[in-house]
Amino acid sequence: MDLIIEGIVQAFKLLFQGDAEVVRIMLLSLGVSLSATVISLFLGVMLGTALGLTRFPGRRFLVSIVNTGMGAPPTVVGLIVTIFLWRNGPLGLLRILYTPVAMVIAQCLISLPIITGFTLASIQQIDRKMQLQLMALGASRMQMVWLLLKESRLPLLAAVMAGFGAIISEVGASMMVGGNITGQTRVLTTAIVMETSKGEFATAIALSIILMVLVYGVNLLLTWAQQRGKTS
Amino acid sequence: MKNPVLNCLVTRLLLASVLLVLVVTAVGCGTRPAQTSNATETPPAPANPDIILATTTSTRDSGLLDVLLPIFEQKTGYRVKPIAVGSGQAMAMGGRGEADVLLVHAPDSEVKFMQAGHGVNRKLVMHNDFIIIGPDADTAGIKGMTVAVDALKKISTSNAIFVSRGDNSGTHQLELKLWKLASIEPKGQTWYQETGQGMGATLNITAEKGGYTITDRATYLSTEKTTNLKILAEKDPILLNIYHVIQVNPAKSEKINAAGARAFVDFMVGADTQKMLGEFGKDKYGQALFFPDAGKTEAELGSQ
(Lines give C-alpha, C1' and ligand atoms only; values in the text may rest on other atoms or scores of the structure.)
Protein backbone atom coordinates (compact mmCIF):
# COMPACT_ATOMS: atom_id res chain seq x y z
CA MET A 1 0.00 0.00 0.00
CA ASP A 2 2.80 2.44 0.90
CA LEU A 3 4.25 1.83 -2.58
CA ILE A 4 1.04 2.94 -4.26
CA ILE A 5 0.88 6.11 -2.19
CA GLU A 6 4.55 6.77 -2.89
CA GLY A 7 3.80 6.23 -6.58
CA ILE A 8 0.91 8.70 -6.55
CA VAL A 9 3.06 11.31 -4.78
CA GLN A 10 5.85 10.76 -7.27
CA ALA A 11 3.46 11.00 -10.22
CA PHE A 12 2.40 14.46 -9.05
CA LYS A 13 6.02 15.47 -8.50
CA LEU A 14 7.07 14.29 -11.97
CA LEU A 15 4.11 16.00 -13.60
CA PHE A 16 4.17 19.31 -11.81
CA GLN A 17 7.90 19.80 -11.53
CA GLY A 18 7.94 19.24 -15.27
CA ASP A 19 10.60 16.51 -15.32
CA ALA A 20 12.00 16.95 -18.84
CA GLU A 21 12.52 13.22 -19.44
CA VAL A 22 8.98 12.30 -18.33
CA VAL A 23 7.44 15.06 -20.43
CA ARG A 24 9.42 13.83 -23.44
CA ILE A 25 8.29 10.23 -22.86
CA MET A 26 4.70 11.37 -22.48
CA LEU A 27 4.74 13.44 -25.66
CA LEU A 28 6.35 10.63 -27.62
CA SER A 29 3.73 8.14 -26.37
CA LEU A 30 0.95 10.50 -27.40
CA GLY A 31 2.57 11.50 -30.68
CA VAL A 32 3.28 7.95 -31.82
CA SER A 33 -0.09 6.53 -30.83
CA LEU A 34 -2.15 9.47 -32.11
CA SER A 35 -0.32 9.50 -35.45
CA ALA A 36 -0.89 5.76 -35.77
CA THR A 37 -4.57 6.19 -34.86
CA VAL A 38 -5.09 8.98 -37.42
CA ILE A 39 -3.37 7.00 -40.20
CA SER A 40 -5.22 3.79 -39.46
CA LEU A 41 -8.46 5.77 -39.13
CA PHE A 42 -8.20 6.95 -42.75
CA LEU A 43 -7.14 3.56 -44.07
CA GLY A 44 -9.50 1.61 -41.81
CA VAL A 45 -12.59 3.66 -42.67
CA MET A 46 -11.88 3.27 -46.39
CA LEU A 47 -11.25 -0.45 -46.10
CA GLY A 48 -14.20 -1.05 -43.78
CA THR A 49 -16.60 0.93 -46.00
CA ALA A 50 -15.43 -0.89 -49.10
CA LEU A 51 -15.85 -4.27 -47.42
CA GLY A 52 -19.22 -3.24 -45.98
CA LEU A 53 -20.79 -1.99 -49.19
CA THR A 54 -19.49 -4.43 -51.77
CA ARG A 55 -20.13 -8.10 -52.43
CA PHE A 56 -17.50 -10.18 -54.20
CA PRO A 57 -16.12 -13.72 -54.02
CA GLY A 58 -13.63 -14.08 -51.18
CA ARG A 59 -15.16 -11.21 -49.24
CA ARG A 60 -16.06 -13.40 -46.28
CA PHE A 61 -12.50 -14.66 -46.14
CA LEU A 62 -11.20 -11.08 -46.06
CA VAL A 63 -13.67 -10.18 -43.32
CA SER A 64 -12.53 -13.16 -41.27
CA ILE A 65 -8.91 -11.97 -41.68
CA VAL A 66 -9.88 -8.50 -40.46
CA ASN A 67 -11.74 -9.95 -37.50
CA THR A 68 -8.76 -12.12 -36.56
CA GLY A 69 -6.50 -9.09 -36.93
CA MET A 70 -8.56 -7.31 -34.28
CA GLY A 71 -6.98 -9.69 -31.79
CA ALA A 72 -3.48 -9.79 -33.27
CA PRO A 73 -0.89 -9.98 -30.46
CA PRO A 74 1.28 -6.81 -30.52
CA THR A 75 4.37 -8.93 -29.82
CA VAL A 76 3.84 -10.90 -33.03
CA VAL A 77 3.23 -7.73 -35.02
CA GLY A 78 6.38 -6.26 -33.46
CA LEU A 79 8.49 -9.29 -34.34
CA ILE A 80 7.32 -9.29 -37.97
CA VAL A 81 7.88 -5.54 -38.37
CA THR A 82 11.35 -5.89 -36.79
CA ILE A 83 12.36 -8.65 -39.20
CA PHE A 84 11.14 -6.60 -42.17
CA LEU A 85 12.99 -3.47 -41.01
CA TRP A 86 16.29 -5.16 -40.18
CA ARG A 87 19.21 -3.75 -42.19
CA ASN A 88 19.41 -7.02 -44.06
CA GLY A 89 15.64 -7.42 -44.19
CA PRO A 90 13.32 -6.62 -47.12
CA LEU A 91 12.80 -2.99 -46.02
CA GLY A 92 16.25 -2.51 -44.49
CA LEU A 93 17.13 0.29 -46.90
CA LEU A 94 14.68 2.59 -45.13
CA ARG A 95 16.89 2.50 -42.02
CA ILE A 96 13.99 3.23 -39.69
CA LEU A 97 14.31 0.40 -37.15
CA TYR A 98 14.62 1.78 -33.61
CA THR A 99 12.99 5.08 -34.57
CA PRO A 100 9.53 6.49 -33.71
CA VAL A 101 8.55 5.99 -37.38
CA ALA A 102 8.94 2.23 -36.98
CA MET A 103 6.78 2.39 -33.86
CA VAL A 104 4.05 4.27 -35.75
CA ILE A 105 4.11 1.57 -38.47
CA ALA A 106 3.80 -1.27 -35.96
CA GLN A 107 1.03 0.47 -34.06
CA CYS A 108 -0.82 1.20 -37.32
CA LEU A 109 -0.79 -2.49 -38.12
CA ILE A 110 -2.26 -3.23 -34.69
CA SER A 111 -5.05 -0.63 -34.81
CA LEU A 112 -5.91 -0.92 -38.52
CA PRO A 113 -7.89 -4.19 -38.22
CA ILE A 114 -9.73 -2.84 -35.17
CA ILE A 115 -10.87 0.31 -36.96
CA THR A 116 -11.62 -1.61 -40.17
CA GLY A 117 -13.70 -4.17 -38.25
CA PHE A 118 -15.70 -1.53 -36.37
CA THR A 119 -16.35 0.44 -39.58
CA LEU A 120 -17.44 -2.67 -41.42
CA ALA A 121 -19.86 -3.64 -38.66
CA SER A 122 -21.34 -0.17 -38.33
CA ILE A 123 -21.82 0.26 -42.10
CA GLN A 124 -23.50 -3.13 -42.31
CA GLN A 125 -25.92 -2.51 -39.45
CA ILE A 126 -27.43 0.49 -41.27
CA ASP A 127 -30.65 -0.55 -42.96
CA ARG A 128 -29.94 -1.40 -46.59
CA LYS A 129 -33.10 0.46 -47.53
CA MET A 130 -31.42 3.71 -46.56
CA GLN A 131 -28.76 3.09 -49.15
CA LEU A 132 -31.42 2.48 -51.79
CA GLN A 133 -33.37 5.53 -50.69
CA LEU A 134 -30.32 7.76 -50.93
CA MET A 135 -29.61 6.48 -54.42
CA ALA A 136 -33.26 7.03 -55.37
CA LEU A 137 -33.07 10.60 -54.15
CA GLY A 138 -30.30 11.13 -56.63
CA ALA A 139 -27.23 10.98 -54.38
CA SER A 140 -23.97 10.19 -56.13
CA ARG A 141 -22.00 7.21 -54.89
CA MET A 142 -19.58 9.44 -52.97
CA GLN A 143 -22.44 11.39 -51.39
CA MET A 144 -24.11 8.17 -50.35
CA VAL A 145 -20.93 6.82 -48.70
CA TRP A 146 -20.41 10.12 -46.93
CA LEU A 147 -23.97 10.11 -45.55
CA LEU A 148 -23.68 6.49 -44.43
CA LEU A 149 -20.44 7.31 -42.61
CA LYS A 150 -22.09 10.29 -40.96
CA GLU A 151 -24.87 7.99 -39.88
CA SER A 152 -22.34 5.69 -38.23
CA ARG A 153 -20.45 8.49 -36.48
CA LEU A 154 -21.16 6.96 -33.07
CA PRO A 155 -19.63 3.52 -33.71
CA LEU A 156 -16.79 5.14 -35.68
CA LEU A 157 -15.75 7.18 -32.66
CA ALA A 158 -15.96 3.97 -30.65
CA ALA A 159 -13.60 2.49 -33.25
CA VAL A 160 -11.15 5.35 -32.72
CA MET A 161 -11.26 4.82 -28.95
CA ALA A 162 -10.73 1.08 -29.28
CA GLY A 163 -7.88 1.54 -31.75
CA PHE A 164 -6.15 4.24 -29.73
CA GLY A 165 -6.67 2.30 -26.50
CA ALA A 166 -5.09 -0.79 -27.99
CA ILE A 167 -1.90 0.94 -29.11
CA ILE A 168 -1.22 3.48 -26.37
CA SER A 169 -1.27 0.58 -23.89
CA GLU A 170 0.72 -1.80 -26.10
CA VAL A 171 4.27 -2.66 -25.02
CA GLY A 172 5.50 -5.70 -26.99
CA ALA A 173 5.76 -4.09 -30.41
CA SER A 174 7.09 -0.75 -29.13
CA MET A 175 9.81 -2.54 -27.19
CA MET A 176 10.93 -4.57 -30.21
CA VAL A 177 10.78 -2.02 -33.02
CA GLY A 178 11.64 0.98 -30.86
CA GLY A 179 14.23 -0.56 -28.57
CA ASN A 180 13.28 1.59 -25.53
CA ILE A 181 16.17 3.99 -26.21
CA THR A 182 16.56 6.90 -23.79
CA GLY A 183 15.53 10.16 -25.41
CA GLN A 184 14.71 8.52 -28.73
CA THR A 185 12.11 5.77 -28.56
CA ARG A 186 11.22 5.35 -24.90
CA VAL A 187 7.45 5.56 -24.40
CA LEU A 188 5.38 5.22 -21.24
CA THR A 189 4.71 1.48 -21.50
CA THR A 190 8.32 0.48 -22.22
CA ALA A 191 9.53 2.82 -19.48
CA ILE A 192 7.11 1.16 -17.03
CA VAL A 193 8.43 -2.31 -17.89
CA MET A 194 12.03 -1.11 -17.52
CA GLU A 195 11.50 0.70 -14.22
CA THR A 196 9.71 -2.36 -12.84
CA SER A 197 12.60 -4.63 -13.80
CA LYS A 198 15.01 -2.18 -12.18
CA GLY A 199 13.02 -2.44 -8.97
CA GLU A 200 12.00 1.24 -9.18
CA PHE A 201 8.40 0.40 -8.34
CA ALA A 202 7.38 3.89 -7.25
CA THR A 203 8.56 5.40 -10.55
CA ALA A 204 6.79 2.61 -12.44
CA ILE A 205 3.54 3.30 -10.60
CA ALA A 206 3.94 7.04 -11.19
CA LEU A 207 4.38 6.47 -14.94
CA SER A 208 1.38 4.10 -14.92
CA ILE A 209 -0.76 6.79 -13.33
CA ILE A 210 0.40 9.31 -15.94
CA LEU A 211 -0.42 6.82 -18.70
CA MET A 212 -3.91 6.19 -17.36
CA VAL A 213 -4.62 9.91 -16.93
CA LEU A 214 -3.46 10.47 -20.50
CA VAL A 215 -5.68 7.71 -21.88
CA TYR A 216 -8.58 9.04 -19.84
CA GLY A 217 -8.03 12.56 -21.17
CA VAL A 218 -8.04 11.47 -24.80
CA ASN A 219 -11.10 9.27 -24.28
CA LEU A 220 -12.90 12.06 -22.45
CA LEU A 221 -12.41 14.27 -25.48
CA LEU A 222 -13.62 11.54 -27.84
CA THR A 223 -16.59 10.63 -25.65
CA TRP A 224 -17.56 14.27 -25.48
CA ALA A 225 -17.49 14.43 -29.27
CA GLN A 226 -19.43 11.19 -29.53
CA GLN A 227 -22.18 11.98 -27.06
CA ARG A 228 -22.53 15.72 -27.71
CA GLY A 229 -25.05 15.47 -30.51
CA LYS A 230 -27.03 12.73 -28.78
CA THR A 231 -27.97 14.48 -25.56
CA SER A 232 -29.53 17.59 -27.07
CA MET B 1 -27.10 14.40 -36.06
CA LYS B 2 -29.67 16.75 -34.57
CA ASN B 3 -27.47 19.80 -34.83
CA PRO B 4 -25.21 19.85 -37.89
CA VAL B 5 -23.52 23.12 -36.93
CA LEU B 6 -22.53 21.80 -33.53
CA ASN B 7 -21.39 18.50 -35.02
CA CYS B 8 -19.19 20.26 -37.46
CA LEU B 9 -17.72 22.35 -34.66
CA VAL B 10 -17.02 19.29 -32.52
CA THR B 11 -15.32 17.47 -35.36
CA ARG B 12 -13.15 20.47 -36.13
CA LEU B 13 -12.21 20.91 -32.49
CA LEU B 14 -11.26 17.26 -32.30
CA LEU B 15 -9.18 17.47 -35.43
CA ALA B 16 -7.51 20.64 -34.25
CA SER B 17 -6.54 19.12 -30.91
CA VAL B 18 -5.08 16.04 -32.59
CA LEU B 19 -3.08 18.25 -34.94
CA LEU B 20 -1.90 20.35 -32.03
CA VAL B 21 -0.54 17.31 -30.20
CA LEU B 22 1.18 16.10 -33.36
CA VAL B 23 2.79 19.47 -33.97
CA VAL B 24 3.93 19.78 -30.35
CA THR B 25 5.47 16.32 -30.51
CA ALA B 26 7.14 16.98 -33.83
CA VAL B 27 8.60 20.21 -32.52
CA GLY B 28 9.69 18.46 -29.33
CA CYS B 29 11.44 15.73 -31.34
CA GLY B 30 12.96 18.20 -33.74
CA THR B 31 14.54 20.50 -31.17
CA ARG B 32 16.12 17.76 -29.09
CA PRO B 33 19.29 17.04 -31.08
CA ALA B 34 19.87 20.76 -31.53
CA GLN B 35 19.80 21.29 -27.77
CA THR B 36 22.38 18.63 -27.06
CA SER B 37 24.76 19.73 -29.78
CA ASN B 38 24.56 23.37 -28.72
CA ALA B 39 25.91 22.50 -25.29
CA THR B 40 29.55 22.37 -26.39
CA GLU B 41 31.31 23.01 -29.66
CA THR B 42 29.78 20.74 -32.26
CA PRO B 43 32.06 18.01 -33.60
CA PRO B 44 31.89 17.47 -37.37
CA ALA B 45 28.94 15.17 -38.03
CA PRO B 46 30.10 11.74 -39.26
CA ALA B 47 28.84 10.59 -42.65
CA ASN B 48 26.89 7.75 -41.02
CA PRO B 49 26.00 8.98 -37.53
CA ASP B 50 23.86 6.10 -36.23
CA ILE B 51 25.47 3.27 -34.27
CA ILE B 52 23.54 0.29 -32.97
CA LEU B 53 25.04 -0.99 -29.73
CA ALA B 54 23.75 -4.40 -28.67
CA THR B 55 24.48 -4.83 -25.01
CA THR B 56 23.45 -6.63 -21.85
CA THR B 57 20.69 -5.50 -19.52
CA SER B 58 23.17 -4.97 -16.66
CA THR B 59 24.90 -2.02 -18.36
CA ARG B 60 21.53 -0.29 -18.81
CA ASP B 61 19.83 -1.31 -15.54
CA SER B 62 22.83 -0.13 -13.51
CA GLY B 63 22.62 3.28 -15.17
CA LEU B 64 26.12 3.07 -16.70
CA LEU B 65 24.99 3.69 -20.28
CA ASP B 66 23.04 6.79 -19.26
CA VAL B 67 26.32 8.26 -18.00
CA LEU B 68 28.71 7.14 -20.75
CA LEU B 69 26.68 7.44 -23.95
CA PRO B 70 25.94 11.19 -23.78
CA ILE B 71 29.67 11.84 -23.32
CA PHE B 72 30.56 9.65 -26.29
CA GLU B 73 27.90 11.33 -28.44
CA GLN B 74 29.11 14.80 -27.53
CA LYS B 75 32.75 13.92 -28.18
CA THR B 76 32.27 12.23 -31.53
CA GLY B 77 28.96 13.40 -32.99
CA TYR B 78 27.72 9.82 -33.35
CA ARG B 79 24.27 8.88 -32.12
CA VAL B 80 24.11 5.55 -30.28
CA LYS B 81 21.06 3.32 -30.23
CA PRO B 82 21.65 0.99 -27.29
CA ILE B 83 19.53 -2.15 -27.49
CA ALA B 84 19.65 -3.80 -24.07
CA VAL B 85 19.15 -7.55 -24.40
CA GLY B 86 20.93 -10.61 -23.06
CA SER B 87 24.49 -11.29 -24.26
CA GLY B 88 23.14 -14.25 -26.25
CA GLN B 89 20.72 -12.10 -28.25
CA ALA B 90 23.30 -9.33 -28.57
CA MET B 91 25.72 -11.73 -30.25
CA ALA B 92 22.93 -13.15 -32.42
CA MET B 93 22.23 -9.60 -33.62
CA GLY B 94 25.94 -9.05 -34.25
CA GLY B 95 26.18 -12.34 -36.13
CA ARG B 96 23.43 -11.19 -38.47
CA GLY B 97 25.02 -7.78 -38.98
CA GLU B 98 22.08 -6.09 -37.23
CA ALA B 99 24.33 -4.33 -34.74
CA ASP B 100 27.59 -2.41 -35.17
CA VAL B 101 29.24 -2.96 -31.84
CA LEU B 102 28.66 -5.19 -28.80
CA LEU B 103 29.29 -4.71 -25.09
CA VAL B 104 28.84 -8.19 -23.63
CA HIS B 105 29.90 -10.47 -20.81
CA ALA B 106 29.90 -14.09 -21.96
CA PRO B 107 33.61 -14.84 -22.65
CA ASP B 108 33.11 -18.46 -23.79
CA SER B 109 30.49 -17.50 -26.37
CA GLU B 110 32.51 -14.45 -27.36
CA VAL B 111 35.47 -16.66 -28.26
CA LYS B 112 33.18 -18.74 -30.48
CA PHE B 113 31.76 -15.53 -31.96
CA MET B 114 35.28 -14.36 -32.85
CA GLN B 115 36.29 -17.76 -34.22
CA ALA B 116 33.24 -17.74 -36.49
CA GLY B 117 34.54 -14.48 -37.98
CA HIS B 118 31.60 -12.39 -36.75
CA GLY B 119 33.71 -9.91 -34.81
CA VAL B 120 36.95 -7.94 -34.87
CA ASN B 121 38.77 -5.67 -32.44
CA ARG B 122 37.66 -7.42 -29.20
CA LYS B 123 38.87 -5.48 -26.18
CA LEU B 124 38.64 -6.11 -22.45
CA VAL B 125 36.75 -3.18 -20.86
CA MET B 126 35.95 -3.91 -17.24
CA HIS B 127 34.91 -6.51 -14.74
CA ASN B 128 32.95 -6.98 -11.61
CA ASP B 129 31.80 -10.26 -10.16
CA PHE B 130 28.85 -12.56 -9.91
CA ILE B 131 27.43 -13.41 -6.53
CA ILE B 132 25.06 -16.08 -5.29
CA ILE B 133 22.24 -14.47 -3.37
CA GLY B 134 19.20 -15.68 -1.51
CA PRO B 135 16.79 -15.00 1.34
CA ASP B 136 17.98 -13.73 4.71
CA ALA B 137 16.84 -16.99 6.33
CA ASP B 138 19.20 -18.97 4.01
CA THR B 139 17.31 -22.27 4.23
CA ALA B 140 19.95 -24.00 2.13
CA GLY B 141 22.72 -22.89 4.49
CA ILE B 142 25.26 -21.65 1.93
CA LYS B 143 26.26 -18.45 3.71
CA GLY B 144 29.99 -17.78 3.60
CA MET B 145 30.79 -20.46 1.02
CA THR B 146 33.53 -19.47 -1.42
CA VAL B 147 33.25 -22.35 -3.89
CA ALA B 148 30.35 -21.58 -6.21
CA VAL B 149 29.87 -25.15 -7.42
CA ASP B 150 29.55 -26.46 -3.86
CA ALA B 151 27.00 -23.76 -3.03
CA LEU B 152 24.86 -24.77 -6.01
CA LYS B 153 25.10 -28.46 -5.01
CA LYS B 154 23.85 -27.58 -1.56
CA ILE B 155 20.95 -25.52 -2.94
CA SER B 156 19.93 -28.38 -5.22
CA THR B 157 19.71 -30.85 -2.35
CA SER B 158 17.93 -28.53 0.07
CA ASN B 159 14.64 -28.17 -1.82
CA ALA B 160 15.09 -24.38 -1.90
CA ILE B 161 13.90 -22.66 -5.08
CA PHE B 162 16.55 -21.60 -7.57
CA VAL B 163 15.50 -18.92 -10.06
CA SER B 164 17.33 -18.94 -13.39
CA ARG B 165 17.41 -16.22 -16.05
CA GLY B 166 16.75 -18.87 -18.70
CA ASP B 167 17.42 -16.34 -21.48
CA ASN B 168 20.84 -17.32 -22.83
CA SER B 169 22.34 -14.16 -21.35
CA GLY B 170 25.91 -13.98 -20.04
CA THR B 171 24.66 -14.59 -16.50
CA HIS B 172 22.59 -17.56 -17.63
CA GLN B 173 25.54 -19.04 -19.52
CA LEU B 174 27.74 -18.81 -16.43
CA GLU B 175 25.02 -20.44 -14.35
CA LEU B 176 24.71 -23.33 -16.81
CA LYS B 177 28.50 -23.77 -16.75
CA LEU B 178 28.40 -24.05 -12.95
CA TRP B 179 25.62 -26.68 -13.02
CA LYS B 180 27.64 -28.64 -15.54
CA LEU B 181 30.71 -28.51 -13.30
CA ALA B 182 28.52 -29.69 -10.41
CA SER B 183 27.23 -32.56 -12.61
CA ILE B 184 23.65 -31.56 -11.94
CA GLU B 185 20.92 -31.32 -14.58
CA PRO B 186 18.57 -28.72 -13.09
CA LYS B 187 16.22 -28.38 -16.06
CA GLY B 188 12.82 -29.88 -15.37
CA GLN B 189 13.33 -30.13 -11.60
CA THR B 190 10.53 -28.65 -9.50
CA TRP B 191 12.92 -26.45 -7.51
CA TYR B 192 14.43 -24.95 -10.69
CA GLN B 193 12.46 -22.10 -12.26
CA GLU B 194 13.30 -20.07 -15.35
CA THR B 195 12.05 -16.51 -15.81
CA GLY B 196 13.21 -15.78 -19.36
CA GLN B 197 13.63 -12.14 -18.33
CA GLY B 198 16.36 -9.62 -17.54
CA MET B 199 18.40 -9.53 -14.34
CA GLY B 200 16.28 -6.89 -12.60
CA ALA B 201 13.01 -8.70 -13.25
CA THR B 202 14.59 -12.00 -12.19
CA LEU B 203 15.76 -10.47 -8.91
CA ASN B 204 12.23 -9.28 -8.18
CA ILE B 205 10.84 -12.75 -8.83
CA THR B 206 13.56 -14.38 -6.72
CA ALA B 207 12.76 -12.07 -3.80
CA GLU B 208 9.05 -12.79 -4.10
CA LYS B 209 9.60 -16.57 -4.10
CA GLY B 210 12.22 -16.48 -1.35
CA GLY B 211 14.60 -18.29 -3.70
CA TYR B 212 18.26 -18.24 -4.69
CA THR B 213 19.84 -16.91 -7.85
CA ILE B 214 23.11 -15.79 -9.43
CA THR B 215 23.46 -12.12 -10.33
CA ASP B 216 26.10 -9.62 -11.34
CA ARG B 217 27.03 -7.37 -8.44
CA ALA B 218 26.11 -4.13 -10.27
CA THR B 219 22.46 -5.04 -10.81
CA TYR B 220 22.28 -6.48 -7.28
CA LEU B 221 23.55 -3.27 -5.69
CA SER B 222 21.19 -1.08 -7.71
CA THR B 223 18.11 -3.13 -6.73
CA GLU B 224 19.15 -4.21 -3.22
CA LYS B 225 16.85 -1.80 -1.42
CA THR B 226 13.69 -3.24 -2.97
CA THR B 227 14.56 -6.94 -3.11
CA ASN B 228 16.06 -7.44 0.34
CA LEU B 229 18.08 -10.42 -0.90
CA LYS B 230 21.43 -11.16 0.77
CA ILE B 231 24.86 -11.99 -0.63
CA LEU B 232 25.53 -15.56 0.51
CA ALA B 233 28.41 -16.89 -1.59
CA GLU B 234 31.07 -14.85 -3.40
CA LYS B 235 34.75 -14.45 -4.26
CA ASP B 236 35.18 -17.68 -6.23
CA PRO B 237 37.51 -16.85 -9.20
CA ILE B 238 35.03 -18.59 -11.50
CA LEU B 239 32.50 -15.88 -10.59
CA LEU B 240 34.46 -13.11 -12.33
CA ASN B 241 32.15 -11.15 -14.64
CA ILE B 242 34.20 -9.84 -17.53
CA TYR B 243 32.91 -7.33 -20.09
CA HIS B 244 34.36 -7.04 -23.57
CA VAL B 245 33.58 -4.62 -26.33
CA ILE B 246 33.52 -6.20 -29.80
CA GLN B 247 33.30 -4.53 -33.17
CA VAL B 248 31.05 -6.47 -35.55
CA ASN B 249 33.11 -7.59 -38.54
CA PRO B 250 32.50 -4.89 -41.21
CA ALA B 251 33.17 -7.46 -43.93
CA LYS B 252 29.79 -9.04 -43.12
CA SER B 253 27.76 -6.25 -44.76
CA GLU B 254 28.41 -2.76 -46.10
CA LYS B 255 25.54 -1.55 -43.91
CA ILE B 256 27.63 -1.95 -40.77
CA ASN B 257 28.89 1.34 -39.39
CA ALA B 258 32.54 0.31 -39.05
CA ALA B 259 33.94 3.78 -38.37
CA GLY B 260 31.36 4.41 -35.65
CA ALA B 261 31.94 1.01 -34.08
CA ARG B 262 35.70 1.57 -34.00
CA ALA B 263 35.18 4.98 -32.41
CA PHE B 264 33.05 3.35 -29.72
CA VAL B 265 35.63 0.65 -28.99
CA ASP B 266 38.34 3.33 -28.70
CA PHE B 267 36.10 5.36 -26.43
CA MET B 268 35.38 2.42 -24.08
CA VAL B 269 39.07 1.63 -23.54
CA GLY B 270 40.17 5.28 -23.47
CA ALA B 271 41.79 6.60 -20.30
CA ASP B 272 39.05 9.12 -19.48
CA THR B 273 36.26 6.58 -19.89
CA GLN B 274 38.14 3.99 -17.84
CA LYS B 275 38.52 6.51 -15.03
CA MET B 276 34.78 7.25 -15.12
CA LEU B 277 34.00 3.52 -15.10
CA GLY B 278 36.00 3.10 -11.91
CA GLU B 279 34.17 5.97 -10.22
CA PHE B 280 30.68 4.99 -11.39
CA GLY B 281 28.31 4.13 -8.53
CA LYS B 282 30.63 5.22 -5.71
CA ASP B 283 28.47 8.24 -4.84
CA LYS B 284 25.24 6.21 -4.79
CA TYR B 285 26.26 2.80 -3.41
CA GLY B 286 29.45 3.62 -1.53
CA GLN B 287 31.42 1.27 -3.77
CA ALA B 288 32.31 1.00 -7.43
CA LEU B 289 30.05 -1.18 -9.58
CA PHE B 290 32.72 -1.92 -12.21
CA PHE B 291 36.53 -2.16 -12.21
CA PRO B 292 38.29 -0.73 -15.30
CA ASP B 293 40.54 -3.25 -17.07
CA ALA B 294 41.57 -1.77 -20.41
CA GLY B 295 44.90 -3.15 -21.57
CA LYS B 296 44.86 -6.15 -19.23
CA THR B 297 44.36 -9.78 -20.21
CA GLU B 298 41.79 -12.20 -18.85
CA ALA B 299 44.56 -14.27 -17.30
CA GLU B 300 45.72 -11.27 -15.26
CA LEU B 301 42.20 -10.84 -13.89
CA GLY B 302 41.97 -14.50 -12.89
CA SER B 303 45.14 -14.21 -10.82
CA GLN B 304 43.89 -11.22 -8.86
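Are Phe280(B) and Phe290(B) buried or exposed? Both are buried (under 20% relative accessible area, with exposed over 50% and partly exposed in between, using a 1.4 Å probe and protein chains only).

## Ground rules

This is a predicted model, where local features need pLDDT of at least 70, side-chain atom pairs count only at pLDDT 80 or more, and totals for chains, interfaces and linings use all residues. Residues are numbered from 1 along each chain as its sequence is written, chains are lettered from A and ligands numbered from 1 in the order written, and side-chain values use heavy atoms, leaving out hydrogens and water.

## Aromatic pairs in chain B

Over all chains, the structure holds 12 aromatic pairs (rings of Phe, Tyr and Trp, the last by its six-membered ring, with centres within 6.5 Å; planes under 30 degrees apart are stacked, over 60 edge-to-face, the rest tilted). Take Trp179(B) and Trp191(B): their ring centres sit 5.6 Å apart with planes at 50°, so this pair is tilted. Trp179(B) belongs to helix α7 (residues 170-181) and Trp191(B) to the loop between α7 and β6 (192-194), so the pair ties together parts 12 residues apart in sequence (helices are DSSP runs of H or I, at least four residues, and strands runs of E, at least two, numbered from the N terminus). Trp179(B) counts as buried at 1% relative accessibility, and so does Trp191(B) at 9%.

Back to Phe280(B) and Phe290(B): they make a stacked pair, 6.5 Å centre to centre and 25° between the planes.

Phe72(B), Tyr78(B), Phe264(B) and Phe267(B) come together as one aromatic cluster.

## Over in chain A

Val9(A) is part of helix α1 (residues 2-16). Val9(A) is partly exposed, its relative accessible area being 41%.
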